[in-house]
Amino acid sequence: MTSRDLYVPPAGAAPVGEAEYTCPLPHIPEAVRTMRHRARTVLGGWAMPAATTDDAVLGWSRTP
């Protein structure tokens, strides 16, 4: 697992500009659960709103 942030914000602050987080996953069904957990952790660290995090983790949008 690696993190390549263009800007690393202070703890609890949202990133400014673009940020990228990468982590390799095995090609197995269980990887989906692992990625969702990691994404929730990273987005929580970036202080993303809960609704935005849910949309990103579940792969859908609340807006029509």
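**Close-up A. Gly 59 comes after helix 2.** The phi of Gly 59 is positive, near 75 degrees. Helices here are DSSP runs of H or I with at least four residues, numbered from the N terminus. The model is predicted: local features need pLDDT of at least 70, side-chain atom pairs count only at pLDDT 80 or more, and totals for chains, interfaces and linings use all residues. Residues are numbered from 1 along each chain as its sequence is written, and side-chain values use heavy atoms, leaving out hydrogens and water.

**Close-up B. A salt bridge joins Arg 40 and Asp 54.** The N to O distance between these side chains is 2.9 Å. The term requires a side-chain nitrogen of Lys or Arg within 4 Å of a carboxyl oxygen of Asp or Glu. By this rule, the count is one salt bridge. The pair links distant parts of the chain: Arg 40 lies in helix 1 (residues 30-45) and Asp 54 in helix 2 (residues 50-58), 14 residues apart. Arg 40 is partly exposed, at 39% relative accessibility. Asp 54 is also partly exposed, at 23%. Partly exposed falls between buried (under 20% relative accessible area) and exposed (over 50%), using a 1.4 Å probe and protein chains only.

**Close-up C. Helix 2 packs its buried residues against helix 1.** Thr 53, Asp 55 and Val 57 are buried in helix 2.

**Close-up D. Leu 58 sits in helix 2.** Its relative accessible area is 41%, so Leu 58 counts as partly exposed. The C-alpha atoms of Leu 58 and Arg 36 are separated by 7.7 Å. Along the chain, these two residues are 22 residues apart.

Terms used
Helix = DSSP H or I, 4+ residues; strand = E, 2+ residues; numbered from the N terminus. Contact = heavy atoms within 4.5 Å.
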